[in-house]
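Please look over the sequence and the structure shown here before reading on. The briefing that follows takes up a few topics in turn.

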Amino acid sequence: RSVSAFLLNRSSDLEISKKMKIKDILTDNGLPNWDVIKTINQFGDMKSTPQSELWHREGNVWEHTKLVVEQMINILDNGAPFINDYTYESTLKYDINRTALIVAALCHDLGKVTTTKWDDGTKEWKTKNHGAEGEHITRKLFFDEPDSYLREKICWLVRQHMALHHIFDVDSKVYERMLRLYFDRGNILELCYLNYADSMGSINDESKDGDGFVNERLIRVLTSDFSDSITHADLDRHYYGAIKTTTEDSPTIYVLLGLAGSGKSTWTQTEHPDLPVVSRDSIRIELGYAKEGEKVRLGKQEESKVSDVFMDKCNKYLTHGQDFVIDNLNLTKRYRDAYHKEFLRFAPRYEYVYIEAPTIEDNLERRKGQIPKSEIYRMLDNMEFPDPHEYNSLTLIKQTAEEK
């Protein structure tokens with residue numbers, strides 16, 4: 001089997017997201033509009049994407065997806081078997097979003113289209129990190145969706161849809177896995193719904209004998225005492241190696257997130273015009289590496305100097321207890337985590353402000369002549385939405401067409 005020939009046939013048209021909204025793939029009664037869905041390249045490519053015959057005897061990814069959506073609609077309409085007298089009380093604190101679950105079921109394996117590879121050792125098709133890849137594809141498809149909260153709920157479900165399949169396999173890993181899920185940006189009950197639909201939408205030895213094994217796993221997830229025993233201090237230790245001790249007197253860092261051309265600087269001028277702003281673009285100009293309005297790609301040594309000045313400015317404000325704004329792209333977790341670890345001793349309060357233009361076309365137009373179109377799409381492809389452990393509060397701002 002030629003893996004290279006298989007992968008060359010995968011769609012790479014990032015512009016498919018142009019004007020795409022979640023309602024565009026649903027009928028008026030909220031069900032999948034299959035006539036529309038099958039015209040979208042990323043879904044069409046599922047038909048030629050093979051799967052492991054051990055876990056997916058139902059066939060290709062498209063056939064599996066249709067079965068998962070069918071299972072999801074069935075349990076939404078008729079009740080989930082893992083919700084019973086034993087688990088009911090533990091589910092009361094969660095809400096279920098029908099649209100999010102149906103769309104997540106539809107999108108959960110989009111990542112297989114670009115990650116499926118043949119493993120000569122196991123003689124099986126492998127799909128390493130297809131959840132994370134699926135999250136990126138889903139976000140690109142629905143970037144123009146007006147309801148950013150709904151889109152990001154779906155993206156989280158897509159990314160984490162495999163998390164419960166093997167959560168109890170290794171005893172030493174259970175606590176860490178539960179810790180991440182209970183304090184993540186999603187909903188553990190909705191993840192149970194997706195896990196059940198995914199499991200029962202697969203034809204294999206586990207599912208063919210009924211849903212007893214799947215129900216047992218999900219009941220254990222919902223009735224475990226992890227939700228009561230896990231604390232934010234545990235989360236701090238896990239991510240930062242220490243406990244954050246934010247107080248009322250702690251300085252606030254406003255961390256702006258968004259693609260180039262999203263309107264981050266405009267937000268600062270409107271909401272906090274008196275606060276100092278730390279920006280790598282401004283530092284590049286200060287150091288003589290770029291001119292005003294110019295976007296440049298610097299070498300490693302120059303960027304290291306920019307980083308040094310950036311950290312010096314931030315540390316100066318924090319030392320004096322001064323609130324300030326970080327106005328960078330801040331799209332990936334590793335850069336944001338670097339702030340947290342560097343500033344941990346100051347225990348600042350983090351106010352994340354995530355800003356989106358009305359459509360990706362607005363981003364492209366606002367940076368026309370400054371940043372290549374391909375670079376804007378690369379930013380969108382690499383974006384990692386912030387998780388709750390990163391911030392004290394998060395504001396999502398999706399501009400409307402009137403706010404252009």
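Are helix 4 and helix 6 roughly parallel or roughly antiparallel to each other? In this predicted model, helix 4, which covers residues 61-78, packs against helix 6, residues 98-107, at an angle of about 160°. Because angles over 145 degrees count as roughly antiparallel, helix 4 and helix 6 are described as roughly antiparallel to each other.

**How helix 4 and helix 6 pack**
- The axes of helix 4 and helix 6 are 8 Å apart, and helix 4 passes helix 6 in a right-handed crossing.
- On the side of helix 4, the contact is made by Thr65, Val68, Val69, Met72, Ile73, Leu76 and Asp77, while helix 6 contributes Arg98, Leu101, Ile102, Ala105 and Leu106.
- Sorted by class, this contact of helix 4 with helix 6 has nine nonpolar residues, together with one polar and two charged residues.

**Helix 13**
- Helix 13 runs over residues 212-223, and its 12 residues should span 16 Å at 1.5 Å a residue, which agrees with the 16 Å that separate its end C-alpha atoms.
- The buried residues of helix 13 are Val214, Asn215, Arg217, Leu218, Ile219, Val221 and Leu222.

**His232**
- His232 lies in helix 15, which covers residues 232-240, and because its relative accessible area is 56%, His232 counts as exposed, the cut-off for exposed being over 50%.
- Between His232 and Asn74 there is a separation of 158 residues in sequence, and in space the two are 36 Å apart, taken from C-alpha to C-alpha.

Technical notes: Residues are numbered from 1 along each chain as its sequence is written. This is a predicted model: local features need pLDDT of at least 70, side-chain atom pairs count only at pLDDT 80 or more; totals for chains, interfaces and linings use all residues. Side-chain values use heavy atoms; hydrogens and water are left out. Axes are lines fitted to C-alpha atoms, for helices over the stretch in contact, and angles run from 0 to 180 degrees between N-to-C directions. Helices (H or I, at least four residues) and strands (E, at least two) are DSSP runs, numbered from the N terminus. Angles under 35 degrees count as roughly parallel, over 145 as roughly antiparallel, 65 to 115 as roughly perpendicular and the rest as oblique. A crossing is left-handed if the near helix is turned anticlockwise from the far one by less than a right angle, and right-handed if clockwise. Contact means heavy atoms within 4.5 Å. Ala, Val, Leu, Ile, Met, Phe, Trp, Tyr, Cys and Pro count as nonpolar, Asp, Glu, Lys and Arg as charged, and the others, Gly among them, as polar. Buried means under 20% relative accessible area, exposed over 50%, partly exposed in between (1.4 Å probe, protein chains only). The expected span of a helix is 1.5 Å times one less than its number of residues.
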